[in-house]
Amino acid sequence: MLTGTDLDKLDEAQLALEVQGIDVFARTSPEDKLRLVTALRANGLSVAMTGDGVNDAPALKRADAGIATGLKRSEAAKEAADLVLADDNFATIAAAVREGRTVYDNLKKVISRTLPTNAGKALVVITALVAGIALPLTAVQILW
């Protein structure tokens, strides 16, 4: 764990090395959040950042997933964020990530099953057009 005062003692190169082994950053200022996002992204990591104020907006914008939190969050934080929590419960973030992963997995499954069938239909229609014969599939059959 690193705190904001620990972060202030590190220069950018040291910070880029230190963030690789740290899981929790506490009591950070908005400037520290921006430095953390930059350092983590420089290491090739995906970054989610939470914030509620105007000062947090740059870090929210630069993060891969900016999350505006707090019932009294600023409009700037809401505009900069990708996700706006309606409550102050951080368990909502975990639930949203789970839902997002489920949706992503379902999309991959649908695409991987739909493309081969549609490619087969397209090949039949293109072959018929090139050969100059009547279309073997009607529009209704293709839609079905």
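Visitor: Hi! How many salt bridges does the structure hold?
Guide: Hello! The structure holds four salt bridges. Keep in mind as we go that this is a predicted model.

Visitor: Good to know. What does Asp56 pair with in a salt bridge?
Guide: Asp56 pairs with Lys33, and their side chains meet at 3.6 Å, N to O. Asp56 sits in the loop between β3 (48–51) and α4 (57–62) while Lys33 is in helix α3, so the pair ties together parts that are 23 residues apart in sequence.

Visitor: Is Asp56 buried or exposed?
Guide: Buried: the relative accessibility of Asp56 is 7%. That puts Asp56 in the buried class because the cut-off is under 20% relative accessible area.

Visitor: And Lys33, buried or exposed?
Guide: Lys33 is buried too, with a relative accessible area of 14%.

Visitor: What lies 3.0 Å from a polar atom of the Asp56 side chain?
Guide: That would be the backbone nitrogen of Asp52.

Visitor: Nice. What about Arg41, which residue does it form a salt bridge with?
Guide: Arg41 forms a salt bridge with Asp64, and the closest N and O atoms are 3.3 Å apart. This pair links distant parts of the chain: Arg41 is in helix α3, and Asp64 is in the loop between α4 and β4 (65–68), 23 residues apart.

Visitor: How accessible is Arg41?
Guide: Arg41 has a relative accessibility of 39% and counts as partly exposed. Asp64 is also partly exposed, with a relative accessible area of 39%.

Visitor: Why do charged side chains pair up at all?
Guide: In general, side chains of opposite charge can pair when their charged atoms come close.

Visitor: Switching topic. How is the chain divided?
Guide: The chain is divided into domain 1 (1–88) and domain 2 (90–143). Their C-alpha centres lie 38 Å apart. The contact takes seven residues from domain 1 and four residues from domain 2.

Visitor: What area is buried between domain 1 and domain 2?
Guide: About 430 Å², and carbon and sulfur atoms give 73% of that area. On the side of domain 1 that touches domain 2, the residues divide into three nonpolar, two polar and two charged.

Visitor: How many salt bridges are there across that interface?
Guide: Zero by the rule used for the interface of domain 1 and domain 2. One residue pair is in polar contact between the domains, both at pLDDT 80 or more.

Visitor: How far apart are Leu17 and Asn89?
Guide: Leu17 and Asn89 are 72 residues apart in sequence and 31 Å apart in space, C-alpha to C-alpha. Leu17 lies in helix α2 (residues 12–18), and Leu17 is exposed, with a relative accessible area of 63%.

Visitor: Last one. What is the phi of Arg27?
Guide: Arg27 has a positive phi of about 55°, although it is not a glycine. Arg27 lies in the loop between β2 (25–26) and α3, and Arg27 is exposed, with a relative accessible area of 77%.

Technical notes:
Residues numbered from 1 in each chain as written. Predicted model: local features only at pLDDT ≥ 70, side-chain atom pairs only at ≥ 80, totals over all residues. Heavy atoms only, no water. Domains from an automatic or database assignment. Contact = heavy atoms within 4.5 Å. Buried area = accessible area lost by both parts, 1.4 Å probe. Polar contact = N/O pair within 3.5 Å; in protein donor to acceptor, adjacent residues only side chain to side chain. Nonpolar A, V, L, I, M, F, W, Y, C, P; charged D, E, K, R; others polar. Buried < 20%, exposed > 50% of the residue type's maximum accessible area, 1.4 Å probe, protein only. Helix = DSSP H or I, 4+ residues; strand = E, 2+ residues; numbered from the N terminus.
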